[in-house]
Amino acid sequence: MKLLLLTVGKTDSQHLEFLVAEFSKRLNRYVPFELRAVPDIKKKGNRDAASIQEEESREVLKYIHPSDTVLLLDEKGKEFSSRNFAAYLQKCMNSGPKRLVLVIGGAYGHGTSLRHRAFASISLSKMTFNHQVVRLMAVEQLYRAFSILKGDPYHND
């Protein structure tokens with residue numbers, strides 16, 4: 001199985017980019033991992049959030065295959081402890097997808113078309129975070145989950 005993290009927008013911070021790259025490299029020891037950024041849509045004129053969400057969602061959907069299992073990272077999604085998230089990922093992987101795709105939306109979240117395509121929505125916290133910071137948190141939590149599943153000593157209870 002392959003793992004893809006799709007994000008809307010790029011990271012402006014070199015510090016965050018360095019950390020994302022570090023955890024991506026570590027994660028690749030467990031599973032083929034790819035991070036891909038889709039350009040965000042800038043708010044111009046009188047465009048509302050819903051139209052921006054939908055346009056970004058259409059761009060994200062271009063990278064999703066019919067056989068993919070899609071999980072949205074969303075503040076309204078289901079919350080997990082790190083161990084429970086690892087178990088949830090294992091359950092998703094056991095269902096046999098060729099690729100598991102996690103999606104981080106842009107500033108306005110996910111559009112309806114992408115929500116309908118998703119298998120589930122998960123949350124890293126009830127708090128709202130900058131999508132650049134969420135990228136780092138997501139990669140770190142994916143690495144943590146795989147280290148838990150493999151019994152490696154990264155995670156401490």
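Helix H2 buries Ile-52, Gln-53, Glu-54, Glu-56, Ser-57 and Val-60 in this predicted model. The cover over these buried residues includes strands S1, S2 and S4 (99-104) and helix H4 (112-117). Helix H5 is mostly covered too, with 16 of its 20 residues buried.

- H2 runs over residues 49-61.
- Its 13 residues should span 18 Å at 1.5 Å a residue, and the end C-alpha atoms are 18 Å apart, so the two values agree.
- Val-60 belongs to helix H2.
- Val-60 counts as buried because its relative accessibility is 1%, and the cut-off for buried is under 20%.
- Beyond four places in sequence, Val-60 touches Leu-6, Val-8, Val-38, Val-103 and Leu-114.
- Val-60 and Ser-82 are 22 residues apart along the chain, and their C-alpha atoms are separated by 26 Å.

**Strand pairing and crossovers**

- S1 (residues 2-8) pairs with S2 (residues 33-38) in the parallel sense, over 6 bridges.
- Within this pairing, Leu-6 has Arg-36 in S2 as its bridge partner.
- From S1 the chain passes through helix H1 (residues 14-27) to reach S2, a β-α-β crossover that is right-handed.
- S3 and S4 also pair in the parallel sense, over 5 bridges.
- Here Leu-73 has Ile-104 in S4 as its bridge partner.
- The path from S3 to S4 goes through H3, and this β-α-β crossover is right-handed.
- S3 pairs with S5 as well, in the parallel sense and over 5 bridges.
- Glu-79 stands opposite Ser-123 of S5.

**Nonpolar cores**

- The largest nonpolar core has 30 residues.
- The residues with the most contacts inside this core are Leu-3, Leu-5, Leu-71, Leu-73, Leu-89, Leu-102 and Leu-142.
- At least two core residues come from each of S1, H1, S3 (69-79), H3 (82-94), S4, S5 (120-123) and H5.
- A second core is separate and has 12 residues, including Leu-4, Leu-6, Val-38 and Ala-118.
- Neighbours within four places aside, Leu-71 is in contact with Tyr-88, Leu-89, Cys-92, Leu-100, Val-101, Leu-102, Val-103, Phe-119 and Ala-120.

**Helix H5 and its two ends**

- H5 has 20 residues, which should span 28 Å at 1.5 Å a residue; its end C-alpha atoms are 28 Å apart, so expectation and model agree.
- At the start of H5, a side-chain oxygen of Asn-130 comes to within 2.6 Å of the backbone nitrogen of Gln-132.
- Just after H5, Gly-151 has a positive phi of about 75°.

**Gln-132**

- Gln-132 sits in H5, which covers residues 131-150.
- With 13% relative accessibility, Gln-132 counts as buried.
- A polar atom of the Gln-132 side chain lies 3.0 Å from the backbone nitrogen of Asp-12.
- Apart from residues up to four places away in sequence, Gln-132 touches Lys-10, Thr-11, Asp-12, Ser-13 and Leu-16.

**His-155**

- His-155 is found in the segment after H5.
- His-155 counts as buried because its relative accessibility is 15%, against a cut-off of under 20%.
- The side chain of His-155 makes a polar contact of 3.0 Å with the side chain of Arg-144.
- Another polar contact, of 2.8 Å, joins the side chains of His-155 and Asp-157.
- Residues up to four places away in sequence aside, His-155 touches Ser-82, Arg-83, Arg-144, Ser-147 and Ile-148.

Notes:
Residues numbered from 1 in each chain as written. Predicted model: local features only at pLDDT ≥ 70, side-chain atom pairs only at ≥ 80, totals over all residues. Heavy atoms only, no water. Pairing = 2+ DSSP bridges. Helix = DSSP H or I, 4+ residues; strand = E, 2+ residues; numbered from the N terminus. Right-handed = clockwise from strand over helix to strand, strands pointing away. Buried < 20%, exposed > 50% of the residue type's maximum accessible area, 1.4 Å probe, protein only. Polar contact = N/O pair within 3.5 Å; in protein donor to acceptor, adjacent residues only side chain to side chain. Contact = heavy atoms within 4.5 Å. Expected span 1.5 Å × (residues − 1). Core = buried A, V, L, I, M, F, W, Y, C linked by side-chain atoms within 4.5 Å.
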